[in-house]
Amino acid sequence: GAYKHLRIWIYDLDITTATAAQIRFNFNGDTGNHYSGVIGSIPGTILDKSNDIGYVTPDRNLSTSATDSSIILDVYHYANTDTHKPFISKGIYWDGTAATLGGVLTFGGYASTSAITSIRIFSSSAQSFTGTVKIYGVN
């Protein structure tokens, strides 16, 4: 590609169904065991290590009252065909009260040497959500 890296930004993110949800990404339709990462959450002491999952999870479960949440996912070397693709994601969520304002950081990688040509954004268990998605090329 003309750019070295991708930045995917979702903002004004709202869960629209009756069940809490995680927003997830996968690349090139790949649902195999090619994603891994370490997830940290603030506030709290949550630190999860996710290995061999079929998606990237840049947030924790957002409740149905989550409003104006935001996710930024940076994918490095997305067009390279000789390296894996490291990523960093940052999520900010707000469940409608100051007590549930928080953030999530995920550091990980996509273990594929294929160039990323498509990105799927979806929620856990098919919950509905709304928001604005922007994708930027970065050098």
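Q: Which residues touch the most other members in the largest nonpolar core?
A: That would be F27, L73 and V75, in a core of 16 residues. Bear in mind that this is a predicted model.

Q: Which strands each supply at least two residues of this core?
A: β1 (5-15), β2 and β5 (69-76) do. β1 gives the most, with 5 residues.

Q: Let's stay with V75. What is V75 in contact with, leaving aside its neighbours within four places in sequence?
A: V75 is in contact with H5, L6, F27, K85, P86, F87 and I116.

Q: Which residues sit on which side of β2?
A: I23, F25 and F27 are on one side, with R24 and N26 on the other. Both faces are covered, and those residues are all buried.

Q: Which strand is β2 joined to, and do the two run parallel or antiparallel?
A: β2 is joined to β8, residues 119-123, and the two run antiparallel. There are 5 bridges between them.

Q: What stands opposite R24 over in β8?
A: F122 stands opposite R24.

Q: Changing topic: how many salt bridges does the structure hold?
A: It holds 2. In one of them D74 pairs with R7, and the closest N and O atoms are 2.6 Å apart. D74 is in strand β5 and R7 in strand β1, so this pair ties together parts that are 67 residues apart in sequence.

Q: What about D74 and K90?
A: Their side chains also meet in a salt bridge, at 3.0 Å from N to O. Here D74 in β5 is tied to K90 in β6 (residues 85-93), so the parts linked are 16 residues apart in sequence.

Q: What links R7, D74 and K90?
A: A network of salt bridges. D74 takes part in the bridge with R7 and in the one with K90.

Q: Is D74 buried or exposed?
A: Buried, because its relative accessible area is 7%, and the cut-off for buried is under 20%.

Q: And how do R7 and K90 come out?
A: R7 is partly exposed, with a relative accessible area of 32%. K90 counts as partly exposed too, at 29%.

Q: Zooming out, how many helices and strands are in the protein?
A: There are 0 helices and 9 strands. Along the sequence the pattern reads β-β-β-β-β-β-β-β-β.

Q: What share of the contacts comes from residues 24 or more positions apart?
A: Of the contacts with a separation of 6 or more, 69% come from such residues.

Q: How much of the protein counts as buried, and what is the accessible surface?
A: Of the 139 residues, 38% count as buried. The accessible surface comes to about 7,000 Å², and 55% of that belongs to carbon and sulfur atoms.

Q: Where is confidence lowest, and where is it highest?
A: Strand β4 (residues 47-53) is lowest, at a mean pLDDT of 53, while strand β9 (residues 129-138) is highest, at 91. The protein averages a pLDDT of 78, and 71% of the residues score at least 70.

Q: What should I do where pLDDT is low?
A: The predicted coordinates there should not be read in detail.

Terms used
Residues are numbered from 1 along each chain as its sequence is written. This is a predicted model: local features need pLDDT of at least 70, side-chain atom pairs count only at pLDDT 80 or more; totals for chains, interfaces and linings use all residues. Side-chain values use heavy atoms; hydrogens and water are left out. Buried means under 20% relative accessible area, exposed over 50%, partly exposed in between (1.4 Å probe, protein chains only). Helices (H or I, at least four residues) and strands (E, at least two) are DSSP runs, numbered from the N terminus. Two strands pair if DSSP finds at least two bridges between them. A nonpolar core is a set of buried Ala, Val, Leu, Ile, Met, Phe, Trp, Tyr and Cys residues joined through side-chain atoms within 4.5 Å. Contact means heavy atoms within 4.5 Å. A salt bridge is a side-chain nitrogen of Lys or Arg within 4 Å of a carboxyl oxygen of Asp or Glu. Accessible areas come from the Shrake-Rupley method with a 1.4 Å probe; for residues, only the protein chains shown count as cover. pLDDT is the predictor's confidence in each residue, from 0 to 100.
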